[in-house]
Amino acid sequence: MTDIVDEVEAQLNSTRSQAAKAAKVVVSHVLLGYKGSLPGKDTPLSKDDAKKKAIEILHAARKQGADFEALVKTHSQDPGPGTYAVTPDAGFVPQFKQLALSLGKGQVDVVETNFGYHVIKLEDRRTAPPPSYEEMADQ
């Protein structure tokens, strides 16, 4: 009997671990391209200027009561919506995806990718609830 219980507990722990890895986060971001970055041909910013501006936006975003949506609308060069769902297997550049998945809800940070500097805010984190012990025991 203990072997069966141990097997079910191991399966449950494995499934819970997989569910945690399958987290989906929703992020908003400000993209600041610069000359030499992928969208850089359309921007007058140098890499140093883009970095300075990204840090300024980061500081503004971290202030109490900051309106991150307004920062996105005012500063982002992202031609997309500026808000994205990110999962571990999503097709985002690794640096963007890694930061997005590591942030806590409401946290803001900056990362550089081949697209430029991204000031990213985690809006929401969603995980699929792991199956209950009883659900696993039925299998």
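Q: Is Arg62 buried, partly exposed or exposed?
A: Arg62 counts as partly exposed, at 49% relative accessibility. The cut-offs are under 20% relative accessible area for buried and over 50% for exposed, with partly exposed in between (1.4 Å probe, protein chains only).

Q: What sort of model are these values from?
A: It is a predicted model, where local features need pLDDT of at least 70 and side-chain atom pairs count only at pLDDT 80 or more, while totals for chains, interfaces and linings use all residues. Residues are numbered from 1 along each chain as its sequence is written, and side-chain values use heavy atoms, with hydrogens and water left out.

Q: Ok. Which side chain does Arg62 meet in a salt bridge?
A: That of Asp109, at 3.7 Å from N to O. The rule for a salt bridge is a side-chain nitrogen of Lys or Arg within 4 Å of a carboxyl oxygen of Asp or Glu.

Q: What about Lys105, which residue does it form a salt bridge with?
A: Asp124, with the closest N and O atoms 3.8 Å apart. Lys105 lies in the loop between helix 4 (94-102) and strand 3, and Asp124 in strand 4, 19 residues away. Lys105 is exposed at 62%, whereas Asp124 is partly exposed at 21%. Lys105, Asp124 and Arg126 are linked in a network of salt bridges.

Q: Switching to helix 2. What does it span?
A: Helix 2 covers residues 47-62, which is 16 residues, and reaches 22 Å from its first C-alpha to its last. That is close to the expected 22 Å, where the expected span is 1.5 Å times one less than the number of residues.

Q: Which of its residues are buried?
A: Ala50, Ala54, Ile57, Leu58 and Ala61. Seen down the axis of helix 2, the buried residues fall within an arc of 105°, so they line one face. The arc is that of the directions from the helix axis to the C-beta atoms. On the other side, Asp48, Lys52 and Glu56 are exposed.

Q: What does the buried set pack against?
A: Strand 1 (24-32), helix 3 (68-75), strand 3 (108-113) and strand 4 (116-126). Contact here means heavy atoms within 4.5 Å.

Q: Last one, Lys97 in helix 4. Buried or exposed?
A: Lys97 counts as buried, at 18% relative accessibility. The buried residues of helix 4 are Phe96, Lys97, Leu99 and Ala100.

Q: What is Lys97 in contact with?
A: Leaving aside neighbours within four places in sequence, Lys97 is in contact with Val86, Thr87, Pro88, Asp89, Ala90 and Phe92.

Conventions:
Helix = DSSP H or I, 4+ residues; strand = E, 2+ residues; numbered from the N terminus.
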